[in-house]
Amino acid sequence: MKFIRFEKYGQLCQGLLTGSEVQRITGDMFTEHTIGKECFRLDEVNLQPPCMPSKIIAVGLNYRGHAREMNMAIPGEPLLFLKPATAVIGPGAPIIYPKMSQRVDYEGELGVVIGRRCRDVSGQQAPDYVFGYTCLNDVTARDLQQKDGQFTRAKGFDTFCPIGPCIETELDPAAARIETRLNGELRQETSTADFIFPVYRLVSFISQVMTLLPGDVIATGTPSGIGPMQPGDEVEVRIRGIGLLQNTVAG
Ligand code: MG
């Protein structure tokens with residue numbers, strides 16, 4: 001099932017997306033909800049980020065191909081960093097190029113959406129805590145990442161975490177195909193089969209560090225092919241089975 005959030009008549013609503021039909025739901029998508037009778041076409045609603053996380057936990061290096069591209073050793077455990085909730089934007093919203101940076105990169109990623117409060121779970125238990133999956137762009141000020149050593153500034157600007165268009169609850173996270181396009185040109189293309197740390201191992205590992213809450217998002221790392229964007233560019237992250245997350249860069 002594909003869950004979305006959208007704005008209609010000035011209200012923030014939740015819905016189920018089937019093809020191009022949106023059914024409004026009431027209640028909480030993560031727990032109890034009811035499918036209402038109200039129905040819209042997708043082009044009649046204004047899509048919002050499909051969830052509002054309390055935090056985004058991102059993984060630094062998680063594809064074998066990307067490790068080779070960067071000439072880096074395969075890490076023994078995941079390298080974690082945080083992106084603030086204020087970085088989240090939805091499909092179609094502009095990524096604002098910050099004045100502090102001269103190099104802003106896209107990083108197309110699989111986003112994991114947590115469905116239940118999660119603390120200290122094993123890899124075997126982890127599937128029970130995952131609600132679904134979304135497309136995510138871990139936008140990065142690469143020059144500031146190198147300058148600072150720490151990731152907070154480089155990864156934390158407002159608008160630096162586009163997510164969407166929906167949360168797909170039925171996806172095999174070990175065989176998802178990710179494509180990133182810049183102005184229509186294919187830049188990243190891979191399968192999550194190349195993960196160094198698979199999704200359930202990440203959920204377990206992170207849950208041993210911090211409590212994960214419903215709606216929290218894990219950015220699972222980017223494959224090879226990262227590169228810069230310029231104001232005016234259009235960037236798309238597409239994951240087969242989820243859909244297309246499209247944003248433009250504004251100067
Ligand atoms: Mg990343």
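Buried means under 20% relative accessible area, exposed means over 50%, and partly exposed lies in between (1.4 Å probe, protein chains only). The model is predicted: local features need pLDDT of at least 70, side-chain atom pairs count only at pLDDT 80 or more, and totals for chains, interfaces and linings use all residues. Residues are numbered from 1 along each chain as its sequence is written, and side-chain values use heavy atoms, with hydrogens and water left out.

**View 1. Strand β11 and its two faces.** Strand β11 spans residues 108-114, and seven of its seven residues are buried. (Strands are DSSP runs of E, at least two residues, numbered from the N terminus.) In a regular strand, side chains alternate between the two faces of the sheet. One side of β11 carries Gly108, Leu110, Val112 and Ile114. Glu109, Gly111 and Val113 are on the other. Both faces are covered.

**View 2. The strands paired with β11.** Pairing requires at least two DSSP bridges between two strands. Strand β12 (residues 130-137) runs antiparallel to β11, joined by seven bridges. Here Gly108 stands opposite Asn137. Strand β17 (residues 217-219) is also antiparallel to β11, with three bridges. There Val112 stands opposite Ile218.

View 3. Glu107 counts as buried because its relative accessibility is 6%. Glu109 is buried too, at 1%.

Technical notes. Helices (H or I, at least four residues) and strands (E, at least two) are DSSP runs, numbered from the N terminus.
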